[in-house]
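Trainee: I would like to go through the labels attached to this structure and see what each one rests on.

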Amino acid sequence: MENEKNNMKLDDAQRVRVLSPGMMVAKRFFRNRLAIVGLVIIVCMFLFAFVGGAVNPYSQSEVFYRTEEMKKDYAGAAKIDEFQVFAADGVELPSDVYSKMILAVTKNALVFETRDGQTLALGRIDDDTYHIYAAEQQMNPLALKSEEHDAAEAAGQNQFTYDGVEYVFDASGVKETLYTTTELGIACRKSVTAFDEGTTFSYDFYSKVLTAIANGDKTVEADGVNYTVENEGSAAMIHTADGADYAYVSDMSMNPVSSGIVLTPAFKEAAEAAMTAGEDSFEYTDEQGETDTYLIKNKNGQYTIQRYQETRVIDSYAAPSAKHWCGTDGNGMDLLARLMYGGRISLMIGFVVVIIELIIGIIVGGIAGFFGGWVDTLLMRVVDVVYCIPAIPLYLILGSIMDYYKASAKTRIYMLCIVMSIIGWVSIARIIRGQILSLREQEFMTAAEATGIRVSRRIFRHLIPNVIPQLVVFASMGIGDVILAESTLSFLGLGIKYPAASWGSIINAVNDSYVMTNYLFVWVPAGVLILLTVLAYNFIGDGLRDAFDPKMKR
């Protein structure tokens with residue numbers, strides 16, 4: 001007999017007669033299949049969020065990268081359209097020499113005065129090269145007619161040397177004027193690049209080489225050293241006497257896009273040759289023997305040189321794979337890990353908020369229902385005031401304040417729990433008040449008062465336990481509502497912020513219609529988890545409500 005009694009099951013007819021009220025509630029609850037399904041889902045959600053998050057090798061904020069070939073800008077090039085001025089050794093040119101020179105060239109008046117009253121003259125070699133002289137007026141050039149003067153005129157120049165003296169003549173007026181000169185500098189629309197990074201050019205080199213290039217000379221002597229000039233269209237190569245490359249002169253400006261790139265003269269020569277030929281790409285072999293293909297884009301004379309190179313980029317919106325079972329989000333973070341860690345926040349916020357709501361609601365509702373009178377009136381007016389507070393504007397204000405102070409993710413979570421609890425406890429207080437108003441007139445309360453039990457004990461030991469069934473049902477269904485509210489706030493950007501994750505903030509990716517339609521794996525899993533969790537809590541709440549109903553048939 002003893003063994004048979006021990007082997008009786010929960011729903012055996014013989015045992016039903018001796019079940020306690022708690023066991024009767026449990027029996028009714030476990031007979032509700034939907035409630036059991038909801039309970040299993042909630043257990044799985046907690047295992048997924050807390051155990052899965054501990055086992056998963058990735059954190060919620062770990063960013064993943066991938067390496068891919070990308071076309072990136074390497075250098076920019078354009079025709080030099082502004083003069084570059086090189087001053088002679090020991091010479092300080094006037095501050096307005098450039099603007100005055102441009103004005104003189106435009107008007108073909110090659111003699112001008114600077115702001116300080118100094119007379120300067122331009123010695124034209126060609127349209128892109130001019131010497132800058134300190135000029136002193138001498139005489140009408142007709143008084144000094146010579147073969148040198150005639151040769152300069154025939155070449156379209158305005159400077160010549162006669163009997164060891166350099167002269168400049170200004171032909172802008174009706175009557176020419178002759179000037180003796182002292183060279184101050186040279187202006188040109190060309191760039192000069194040394195093959196050796198450590199090489200620095202003297203003014204004598206600039207002046208002699210640029211003049212030789214303009215005149216089409218094949219050789220030039222500068223600083224006592226002989227060089228050969230090899231013209232290549234609009235560019236020129238300067239070689240030493242033994243044929244070694246020394247400098248590259250071009251009428252194009254070419255600059256790298258970043259400070260870590262060095263453009264050698266050989267590279268500039270290859271790039272300019274391709275640009276001049278109208279090609280859209282060229283190959284260049286560097287000093288290490290590596291050959292790369294470079295692409296050329298021409299936009300109204302502005303050239304962009306690009307090349308494909310391996311680049312480490314964020315692995316955003318990666319499709320589900322063996323490494324990332326749910327793929328990655330727009331920030332390159334593992335979605336499975338963020339779903340697990342986000343589940344912790346979404347699930348825990350529901351419990352914390354409901355617990356705070358229960359504590360406040362039980363205290364306020366219990367006191368109001370027990371004492372009645374003016375105490376009940378006062379507390380219920382407080383409930384009415386809190387109930388009338390608009391939730392969404394309050395969340396917007398709170399979100400703006402936390403954004404302004406750049407609150408951390410933890411602070412946002414705490415503040416969200418507090419505000420949701422302050423707004424949500426009023427419903428519980430009304431339920432408790434209504435139940436206690438009915439229970440306080442019962443005979444057991446009259447007996448408790450007659451025995452002299454203090455008020456707090458009568459409220460919290462005799463009245464509140466009698467409304468626990470209603471509180472359990474309210475709490476189980478309220479947790480789902482809180483999770484849904486937190487997800488909505490996070491979706492709107494008012495809740496949990498990056499890098500912390502919650503299911504609502506993960507779904508925030510659907511703000512972008514392109515992501516919503518093309519990357520379903522980014523937001524659908526989080527939406528399914530929210531749906532299952534809220535449904536599960538509702539199933540449990542329905543099951544508890546039916547289990548606590550004393551009129552339920554056995």
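This is a predicted model: local features need pLDDT of at least 70, side-chain atom pairs count only at pLDDT 80 or more; totals for chains, interfaces and linings use all residues.

Trainee: Why is Thr-129 called buried?

Mentor: Buried means under 20% relative accessible area. Thr-129 has 0% relative accessibility, so it is buried. Thr-129 belongs to strand 5, residues 129-139. Setting aside residues up to four places away in sequence, its contacts include Ile-186, Ala-187, Cys-188 and Leu-210.

Trainee: How many aromatic pairs does the structure hold?

Mentor: There are 21 aromatic pairs. One of them joins Phe-46 and Phe-351.

Trainee: What makes the pair of Phe-46 and Phe-351 edge-to-face?

Mentor: Two rings pair if their centres lie within 6.5 Å, and planes over 60 degrees apart count as edge-to-face. For Phe-46 and Phe-351 the centres are 5.7 Å apart and the angle between the planes is 65 degrees, so the pair is edge-to-face.

Trainee: Why are Phe-46 and Phe-351 called partly exposed?

Mentor: Partly exposed is the range between the buried limit of 20% and the exposed limit of 50%. Phe-46 has 22% relative accessibility and therefore counts as partly exposed. Phe-351 has a relative accessible area of 30%, so Phe-351 is partly exposed.

Trainee: How do you know that the pair of Phe-83 and Tyr-130 is edge-to-face?

Mentor: The ring centres of Phe-83 and Tyr-130 are 5.8 Å apart and the planes stand at 70 degrees, so this pair is edge-to-face. Phe-83 lies in the loop between strand 1 (65-79) and strand 2 (84-87), while Tyr-130 is in strand 5, 47 residues apart. Both Phe-83 and Tyr-130 are buried.

Trainee: What makes Arg-312 a charge over the ring of Tyr-65?

Mentor: The distance needed is within 6 Å of the ring centre, with CZ of Arg also within 35 degrees of the ring normal. Arg-312 lies over the face of Tyr-65 at 4.0 Å from the ring centre. Likewise, the charged end of Arg-430 sits over the ring of Tyr-387, 4.9 Å from its centre.

Trainee: Why is the phi of Asn-300 worth a remark?

Mentor: Most residues other than glycine have a negative phi. Asn-300 is not a glycine, yet its phi is positive, about 55 degrees. Asn-300 lies in the loop between strand 16 (291-299) and strand 17 (302-314).

Trainee: Why does Asn-300 count as exposed?

Mentor: The limit for exposed is over 50%. Asn-300 has 77% relative accessibility, so it is exposed.

Technical notes: Residues are numbered from 1 along each chain as its sequence is written. Side-chain values use heavy atoms; hydrogens and water are left out. Helices (H or I, at least four residues) and strands (E, at least two) are DSSP runs, numbered from the N terminus. Buried means under 20% relative accessible area, exposed over 50%, partly exposed in between (1.4 Å probe, protein chains only). Contact means heavy atoms within 4.5 Å. Rings of Phe, Tyr and Trp (its six-membered ring) pair if their centres lie within 6.5 Å; planes under 30 degrees apart count as stacked, over 60 as edge-to-face and the rest as tilted.
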